[in-house]
Amino acid sequence: MADSAVVPETTSNRFRLLGGFALAMLAAVCLVFFAAPDVLAELRTIVATQVAKPAPCDWRTEYVRGTAGQPGAWSVRASPYGVGGLTQLETGEVRVDPATLCADLSSVIMHEAQHVKQGMLYGGTVAAESALAQYGGIEINADCAARYLMGSGYFPVGGDQSPYTPGPCVGERLRAGVATATGHRVSDGVLG
């Protein structure tokens, strides 16, 4: 016995059902996004809270950790030139500006420590500049030495560049940086 209320299942009936479902979903989505604009803001907030946040950086802790074991006489004082750090190569006195971003602090400390090494190796600014001139001078040398010691991630806020050295250190500049980082003069044959 056949039930006359049952509609035979055909391909066209399936498409009508799917089409109706698709239209219903489209209508629901339009209603949510156009009738309730706060939904988008709420979705963005939910997604943003799911993104891993970096651990907070404590400036003082980072300073103490970074300067531990580094050569030089370290202090925290404002820089008269607006730079993160300042080193007197003749005396080994290092000044780190308290306005330095915490994320950049370890990079600044490592850079300044390389200046202290330059002073120890060459005896002062004039001699260091003379010895390192063909490798970019004392600033580029300090950058390349710091990059060698720190690996990638140098200056996290600015990427793989600093105010002195755009891009990576390569060739003779890198080799001169390695010499400074390892406590050698460039004339010691380390570059050869």
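**Disulfides and helix packing in a predicted model**

Cys57 and Cys102 form a disulfide, with their sulfur atoms 1.8 Å apart. The model is predicted. A disulfide is a covalent bond between the sulfur atoms of two cysteines. The torsion about the S-S bond of Cys57 and Cys102 is -70°, and the link is left-handed. The pair links distant parts of the chain. Cys57 lies in the loop between α2 (38–50) and α3, whereas Cys102 lies in helix α4. The two cysteines are 45 residues apart. Cys57 has 42% relative accessibility and counts as partly exposed. Cys102 has a relative accessible area of 16%; because the cut-off for buried is under 20%, Cys102 is buried.

The structure holds two disulfides. The other joins Cys144 and Cys169, whose sulfur atoms are 2.1 Å apart. Cys144 lies in helix α6 and Cys169 in the loop between α6 and α7 (171–181), so this pair ties together parts that are 25 residues apart in sequence. The torsion about the S-S bond of Cys144 and Cys169 is about -90°, so this disulfide is left-handed. Both Cys144 and Cys169 are buried. With bonded cysteines counted along the chain, the disulfides follow the pattern 1-2, 3-4.

The overall layout of the chain comes next. The secondary structure comes to seven helices and three strands. Along the sequence, these elements follow the pattern α-α-α-β-β-β-α-α-α-α. The chain has 192 residues, and 32% of them count as buried. Among contacts with a separation of 6 or more, 55% are between residues 24 or more positions apart.

Two helix pairs involve α4. Two packed helices are described by the angle between their axes and the distance between the axes. Helix α3 (residues 59–67) and α4 pack at an angle of about 15°. Their axes are 9 Å apart. Angles under 35 degrees count as roughly parallel, and α3 and α4 are therefore roughly parallel to each other. Their crossing is right-handed. On the α3 side, the contact is made by Trp59, Glu62, Tyr63, Arg65, Gly66 and Thr67. On the α4 side, Cys102, Leu105, Ser106 and Ile109 take part. The residues of this contact of α3 with α4 divide into five nonpolar, three polar and two charged.

Helix α4 (residues 102–122) and helix α6 (residues 137–150) pack at an angle of about 120°, and their axes are 8 Å apart. That angle makes α4 oblique to α6. The crossing in which α4 passes α6 is right-handed. From α4, the contact draws on Ser106, Ser107, Met110, His111, Gln114, His115, Lys117 and Gln118. From α6, these meet Ile138, Glu139, Asn141, Ala142, Asp143, Ala145, Ala146, Leu149 and Met150. By class, the contact of α4 with α6 has seven nonpolar, seven polar and three charged residues.

Lys117 belongs to helix α4. Its relative accessible area is 17%, and Lys117 is buried. Not counting residues up to four places away in sequence, Lys117 touches Pro71, Leu149, Thr180 and Ala181.

Ser75 is placed in strand β1 (residues 73–76). At 22% relative accessibility, Ser75 counts as partly exposed. Leaving aside neighbours within four places in sequence, Ser75 is in contact with Tyr63, Val94, Arg95 and Val96. Ser75 and Asp97 are 22 residues apart in sequence. In space, Ser75 and Asp97 are 8.8 Å apart, C-alpha to C-alpha.

Notes. Residues numbered from 1 in each chain as written. Predicted model: local features only at pLDDT ≥ 70, side-chain atom pairs only at ≥ 80, totals over all residues. Heavy atoms only, no water. Axes fitted to C-alpha atoms, helices over the stretch in contact; angles between N-to-C directions. Helix = DSSP H or I, 4+ residues; strand = E, 2+ residues; numbered from the N terminus. Parallel < 35°, antiparallel > 145°, perpendicular 65-115°, else oblique. Left-handed = near helix turned anticlockwise from the far one by under 90°. Contact = heavy atoms within 4.5 Å. Nonpolar A, V, L, I, M, F, W, Y, C, P; charged D, E, K, R; others polar. Disulfide = S-S within 2.5 Å. Buried < 20%, exposed > 50% of the residue type's maximum accessible area, 1.4 Å probe, protein only.
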